[in-house]
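Hi,

Could you take a look at the structure below when you have a moment?

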Amino acid sequence: MDDLTFRRTVYADPFTKEMAVIDAAKNDPKKQAFWDEVKAMEMSIEQALDVSVPENLADKLLLRQSIAEHSEQKQKRPWYIAMAASIALAALVTVGMLTQAPSGIAMDALAHVEHVEMESQKYGLVDLQDVNAKLANYNGSINQKIGEIVSANYCYLSSIKSLHLIVKGQEGLMSLFVLPNNITDDVDSSFSNDEHSGTSFLLESARIIVVGENDGEVNDFSAKAKQFMQFSA
Amino acid sequence: MSGNNFETASVSTDMMTKQRRYEALVKALHADIFRYAVWLIKDRTIAEDVVQETFLRAWKSLDSLQDEAAAKSWLITILRRENARRFERKQFDLVDIDDVSVADPKATDASDTQQRDLRRAIAQLADDYREPLVLQVIMGFSGDEIAAQLDLNKNTVMTRLFRARSQLKEIMTNNSTIGAQING
């Protein structure tokens, strides 16, 4: 087997079982060395491609399916099936959330906040100018007095692109989401789960959602946000 | 499931079976499908949305999946269609490469620099080269299976795989020389 064919074959499939390739490597140490190198690189490629998967993704997929199924069954099936599905869903939701279920956007906000610790370590300090550049997309601006911003990234809440700011609060990390209000459904003015509570309010054209570990901090930080963030209509 | 009404019992049994199949499908394949989506779309958040849509659609047409062995390629076909639909719906903002959240939030070690470079290099590959590579490495597809999935002939697939790896090799070699110059 000539050199070029050999290289092409092992590059196309580093773990090829082709006898011609195996024989060629056996008879030529140079070819064997090249193959070993490709295999080593392949291990790195495998590791690089192996990105982490959100921990609760499987649960989310199952929950979403059961909700979709529920609304579909309601239209098609007789009442007793609909009722059984309702009971099953109610049980699932009760077990899943334990507290009352916040709306879609609020729920997504709470889900995002689960990862703030990790997010905040990922990037290090954030430049205020960058934050303001991103906020400009929502016709807004922010003053440094808000506190130390440790992360400013776009994320999707109920498929609406929002800006997620993570700011160091007095006790823990505070999350603030900015969404364009004209395409945002109503969000409860207060919501919570076991670990976090949140509030939502309007600043001109922007809907602001603040999430933190307790009500007191959320209220304090909301007051700061109203003071140090500005949005035009 | 021993109801007096046979019809009810059989309807619920069908639903239970479908539900169990779906749960098994989600558990077995959601991770690989998500990884595939991340590399196809190059944005974790959008990838998660598309995976959600994919599995919802899979649930709706689960009865059409006869052969569990074909489940992977069936899901990938749905996912690629859902992804294409995303572009029909609206033109998304172009994501610039530094903002790409392919990056693993857990990878913070300094020893991961090389891996980060490699990830960036993979993200830079042309879609035509990256996709067969991802199907081969993450999904464990053979050349023939990739060819069938992407509707290409096998020779084209093997050439693209070869080019994908040789480009990666080239980018990584250049990176390490540039890196050495900067660091040194």
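Here is what I found, starting with how to read the notes.

This is a predicted model, in which local features need pLDDT of at least 70 and side-chain atom pairs count only at pLDDT 80 or more, while totals for chains, interfaces and linings use all residues. Residues are numbered from 1 along each chain as its sequence is written, chains are lettered from A and ligands numbered from 1 in the order in which they are written, and side-chain values use heavy atoms, with hydrogens and water left out.

A few terms before we start. Helices (H or I, at least four residues) and strands (E, at least two) are DSSP runs, numbered from the N terminus. Contact, including "meet" and "pack against", means heavy atoms within 4.5 Å. Buried means under 20% relative accessible area, exposed over 50%, and partly exposed in between (1.4 Å probe, protein chains only).

**Helix pairs in chain A**

Two packed helices are described by the angle between their axes and the distance between the axes. Axes here are lines fitted to C-alpha atoms, for helices over the stretch in contact, and angles run from 0 to 180 degrees between N-to-C directions. Angles under 35 degrees count as roughly parallel, over 145 as roughly antiparallel, 65 to 115 as roughly perpendicular and the rest as oblique. A crossing is left-handed if the near helix is turned anticlockwise from the far one by less than a right angle, and right-handed if clockwise.

Take α1(A) (residues 3–12) and α3(A) (residues 29–49): their axes come within 10 Å and cross at roughly 20 degrees. The two helices are therefore roughly parallel to each other, and their crossing is right-handed. On the α1(A) side the contact involves D3(A), F6(A), R7(A), V10(A) and Y11(A), which meet K31(A), F34(A), W35(A), V38(A) and M41(A) in α3(A). By class, that contact has seven nonpolar, no polar and three charged residues (Ala, Val, Leu, Ile, Met, Phe, Trp, Tyr, Cys and Pro count as nonpolar, Asp, Glu, Lys and Arg as charged, and the others, Gly among them, as polar).

The axes of α1(A) and α2(A) (residues 19–27) come within 11 Å and cross at roughly 120 degrees. That makes α1(A) oblique to α2(A), and this crossing is left-handed. Here F6(A), T9(A) and V10(A) meet V21(A), A24(A) and A25(A) of α2(A). The residues of this contact divide into five nonpolar, one polar and no charged.

**Elsewhere in chain A**

S66(A) belongs to helix α4 (residues 57–76) of chain A. S66(A) is buried, at 18% relative accessible area, and leaving aside neighbours within four places in sequence, S66(A) touches L89(A) and L92(A), both in contact with it.

**Chain B**

R35(B) sits in helix α1 (residues 6–41) of chain B and is buried, with a relative accessible area of 16%. Beyond its neighbours within four places in sequence, R35(B) is in contact with L49(A), D50(A), V51(A), V53(A) and I138(B).

Helix α5 (residues 127–137) of chain B holds P132(B), whose relative accessible area is 0%, so P132(B) is buried. α5(B) is mostly covered, with nine of its eleven residues buried; among them are Y129(B), L133(B) and V137(B). P132(B) and M158(B) are 26 residues apart in sequence and 8.8 Å apart in space, C-alpha to C-alpha.

Best wishes
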